[in-house]
Amino acid sequence: MYIFHKYSDLMSHLEQARKNGKNIGFIPTMGALHEGHISLVKEALTAGQATVCSIFVNPTQFNNPEDLAKYPRTTEQDIALLTEAGCDTLYLPSVEDVYPQGTKLEKPYNLGYLETVLEGKYRPGHFQGVAQVVDRLLKIVKPDTLYLGRKDYQQCMVLKRLADEKYPELTVKIAVTKREPDGLAMSSRNRRLTEPQRALAAIIYQCLVSIQSKQEEQNFPVVKKECEELLEKKGFRVDYIELADAGTLELLENYDPRKKAVALIAAFIGDIRLIDNMEL
Ligand code: AMP
C-alpha cells in the first residue's frame, strides 16, 4: 500500500493512476478502523477502483475538545488492516497538510435545515467541520466515487448536499451499517467503552429494533418514552430519540405509513457519545 503524508505527493500519484485509466474510489475516515470502514474499502476494491483511504482526525468537526483529545488513534493497526484488505493508497496527513492556510473556515457552508436538527442541534458547528474537511479532501483526491456509511445518517445527507452543489460528477455510495453480534453499531468510539459499558451499549440498537417493530401497534411517543426510560435506567444520558422522514430528516410526531421513516438515537454512556439509526 502506498502511504502519503503530503497532499502534493498524493495528487501526483493519483494523477498517474488517472492517466492509466483508473477510476478512483475514496473512503475518508478518522482511523481506529473496524470492519465497518473495511467494508467500504472492499466495496471500492470490488468495483475495480484505485482505492484511496484517508485517516485524519479532523479537529474542526469536534465541538468538544475533550472528545478530540480522547479520540482513539491506532495508526499501526489501521495500516495493517488496510494492507490486509488490499487498499491501494492511504493518505495520512498532518493538520497543516490538510489546512495549509489554517483551520479557520472562511465561508460557512449552506447546510440549511440539516444543520439545525439532531446532530446539528446537539453538536453545533460539527457539520461545518465535516463539510470543510471532506470538501478539502475531495479537492485533493478528486475521486469518481465517495464511499460513506449509513451509520452516520445525517452526515451522509450533509455530504450528498455538498456533492450535489460542488461535485456534480461525483457518485456517492452509502454502505449498510456493520454491527457487532449483539447489534451494537461498530464505531471507533466503542474502543473507549469499559467492559460494563460495552455490555450495555447494545441497548441503543434494541431500542431502534423496538421502535421499528412496534410501528403497527403503538404510537411513537409511547415507544419513545419506553426507550428513554430504559436507557436512563441503565445509566445512559439521552440526547435524542427521534423519528424522521428518511429523505428530508423532517421530524415526525408519529408513525406515518405514507412516509419512509428513519429512527435515530444519540446517547452518552459515561463520557462516550454513541449514535445509531434504523430505517423503518
Ligand atoms: P469515521 O472514521 O467514524 O469518520 O467513519 C468513516 C466512514 O466510515 C464514514 O463514512 C462512516 O459512516 C463509516 N462507518 C463508520 N462506522 C460504520 C459502520 N459500523 N458500518 C459502516 N460504515 C461505517
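Colleague: Which charged end sits over the ring of Tyr7?

Modeller: A charge sits over a ring if NZ of Lys or CZ of Arg is within 6 Å of the ring centre and within 35 degrees of the ring normal. Over Tyr7, the distance to the ring centre is 4.6 Å. The residue is Arg136.

Colleague: How far is Arg237 from the ring centre of Phe268?

Modeller: Arg237 lies over the face of Phe268. Its distance from the ring centre is 4.2 Å.

Colleague: What are the ground rules behind such values?

Modeller: This is a predicted model, where local features need pLDDT of at least 70, side-chain atom pairs count only at pLDDT 80 or more, and totals for chains, interfaces and linings use all residues. Residues are numbered from 1 along each chain as its sequence is written, and side-chain values use heavy atoms, with hydrogens and water left out.

Colleague: How many aromatic pairs does a search of the whole structure find?

Modeller: Rings of Phe, Tyr and Trp (its six-membered ring) pair if their centres lie within 6.5 Å; planes under 30 degrees apart count as stacked, over 60 as edge-to-face and the rest as tilted. The search covers the whole structure and gives five. Among them is the stacked pair of Tyr2 and Phe4, with 6.3 Å centre to centre and 15 degrees between the planes. The total, again, is five.

Colleague: Is Phe4 buried or exposed?

Modeller: Buried means under 20% relative accessible area, exposed over 50%, partly exposed in between (1.4 Å probe, protein chains only). Phe4 has 14% relative accessibility, so Phe4 counts as buried.

Colleague: Are helix 2 and helix 4 roughly parallel or antiparallel?

Modeller: Helices (H or I, at least four residues) and strands (E, at least two) are DSSP runs, numbered from the N terminus. Axes are lines fitted to C-alpha atoms, for helices over the stretch in contact, and angles run from 0 to 180 degrees between N-to-C directions. Helix 2 (residues 35-46) and helix 4 (residues 75-85) have axes 10 Å apart, at an angle of about 30 degrees. With angles under 35 degrees counted as roughly parallel, over 145 as roughly antiparallel, 65 to 115 as roughly perpendicular and the rest as oblique, these two helices are therefore roughly parallel.

Colleague: Which residues of helix 4 make the contact with helix 2?

Modeller: Contact means heavy atoms within 4.5 Å. Helix 2 contributes Ile38, Val41, Lys42 and Leu45. Helix 4 contributes Leu81, Leu82 and Ala85.

Colleague: How do helix 10 and helix 11 run relative to each other?

Modeller: The axes of helix 10 (residues 203-213) and helix 11 (residues 220-233) come within 10 Å. They cross at roughly 165 degrees. Helix 10 and helix 11 are therefore roughly antiparallel.

Colleague: What is phi of Ala32?

Modeller: Most residues other than glycine have a negative phi. Ala32 is found in the loop between strand 2 (24-29) and helix 2, and is buried at 1% relative accessibility. Its phi is positive, about 50 degrees.

Colleague: Where does Leu249 lie?

Modeller: Leu249 also has a positive phi, near 70 degrees. At 0% relative accessibility, Leu249 is buried. Leu249 lies in the loop between strand 7 (236-245) and strand 8 (261-269).

Colleague: Which residues does Ala201 touch, not counting those up to four places away in sequence?

Modeller: Ala201 is in helix 9 (residues 195-201). Ala201 is buried, at 0% relative accessibility. Ala201 touches Leu184, Leu193, Phe236, Ile269 and Leu274.
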